Amino acid sequence: MALSEPEVAHEVECIRRVQHGESEAFGPLVERYQQRIFSIVFHLVRRRDEVEDLAQEIFLKAFRAIRSYNFQSSFATWVSRIAVNHCYDYLRKVRASRLSYYSEMTEESAHELERKAESPSPGGLDHGEKVALRDFVGRLLERAPEDDRLVLTLKELEDYSVEEIAGLLKLKPSTVKVRLHRARKRMLEDLERWRQERK
Amino acid sequence: MECKAIRDLVNELWGGELPAEAREHLSKCAGCEAFWRDARLVQAGFRALAEEAVPEASLGFASRLVRRLQEWEGIGARSEFFETVGRRFVYATLALTLAVLLSLALPTTGPVRGVAGADFLGLQVASQATQPDVLGGDLGDSHDLIPGGPSD
């Protein structure tokens with residue numbers, strides 16, 4: 001989401017006002033970035049009912065830390081980084097309760113998936129296939145370690161480039177590439193294990 | 001190409017077009033073909049996940065948040081005040097407790113306390129008449145150290 005010059009100037013003004021204690025100037029910043037934060041939270045956490053609460057906590061954190069914001073990265077990157085870190089901490093906290101098992105997959109989903117695997121239709125997916133795949137890959141993602149889940153979500157669901165992910169996670173682009181490679185590999189191995197278990 | 005190289009390539013290209021050499025390998029190797037198919041499935045699954053509608057912020061989310069921030073600021077300032085006052089109260093209580101404990105722990109007699117202390121300070125003259133003799137003598141026994149005592 002590229003901002004025009006006046007939008008950037010307005011954003012900078014709002015940030016400076018908040019830094020000088022005018023909390024009402026935080027409103028326009030929230031309005032500008034709320035959808036981005038909701039998207040990150042939803043894709044990372046995948047709990048629809050918790051998105052708004054988590055987003056609120058993230059903006060509260062950003063507000064408390066805004067005096068430390070020094071304009072070196074864009075405000076979008078800065079606030080997204082807070083969101084990613086907050087979700088990461090949340091996922092670690094609820095790790096035990098979010099364990100997802102293959103057995104939770106419905107018979108129908110499993111059947112759809114196997115049919116798809118045997119003869120992938122070139123013309124795209126119908127609704128049933130989409131739901132089955134979404135369900136299954138969502139479960140694979142839930143089973144993945146937090147670090148894998150982070151890079152996979154940012155790349156595959158948020159559609160960030162490797163450089164953008166590197167900026168968000170404060171890593172080198174080469175490190176992000178390696179993590180992405182490993183995360184995909186682990187996910188495919190997990191899928192293979194599932195196949196073995198079903199045989 | 002070896003199987004490991006093919007799988008790395010599938011992972012690396014992730015949805016991109018495989019080179020002819022790799023495609024030829026896939027046509028002969030069932031394991032790598034299954035791996036490639038799984039990768040395609042996962043990619044399709046990710047696309048389906050990405051298409052899922054993201055929940056939107058409820059109406060007035062930003063203004064509610066700012067109101068909460070302002071409340072929090074007020075509470076924050078108040079709690080800072082109470083924290084400072086509370087901390088001082090705790091320190092004062094601790095100091096007082098320490099003083100009381102020290103006063104209880106000190107011996108009841110000694111150079112700065114009790115009868116001997118009074119001796120030391122030259123105050124016994126005034127209290128002599130009312131205090132029993134700590135050396136075991138009858139009330140009013142003399143002490144040589146006190147000039148002008150009852151023995152004089």
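Is the crossing of α1(A) and α2(A) left-handed or right-handed? The crossing is left-handed, a term for a near helix turned anticlockwise from the far one by less than a right angle. This is a predicted model, in which local features need pLDDT of at least 70, side-chain atom pairs count only at pLDDT 80 or more, and totals for chains, interfaces and linings use all residues. Residues are numbered from 1 along each chain as its sequence is written, while chains are lettered from A and ligands numbered from 1 in the order in which they are written.

In chain A, helix α1 covers residues 5-19 and helix α2 covers residues 26-45; helices here are DSSP runs of H or I with at least four residues, numbered from the N terminus. The two pack at about 130°, with axes 8 Å apart, where axes are lines fitted to C-alpha atoms over the stretch in contact and angles run from 0 to 180 degrees between N-to-C directions. The angle makes α1(A) oblique to α2(A), oblique being what is left once angles under 35 degrees (roughly parallel), over 145 (roughly antiparallel) and 65 to 115 (roughly perpendicular) are set aside.

On the α1(A) side, Glu11(A), Cys14(A), Ile15(A) and Val18(A) meet Phe26(A), Pro28(A) and Leu29(A) of α2(A), contact requiring C-beta atoms, placed from the backbone, within 7 Å.

Chain A also touches chain B, through 35 residues from chain A and 30 residues from chain B. On the chain A side, α2(A) gives the most, with 8 residues.

Chain B is divided into domain 1 (3-51), domain 2 (60-105) and domain 3 (108-152), with bounds from an automatic or database domain assignment.

Definitions and conventions. Contact = placed C-beta atoms within 7 Å.
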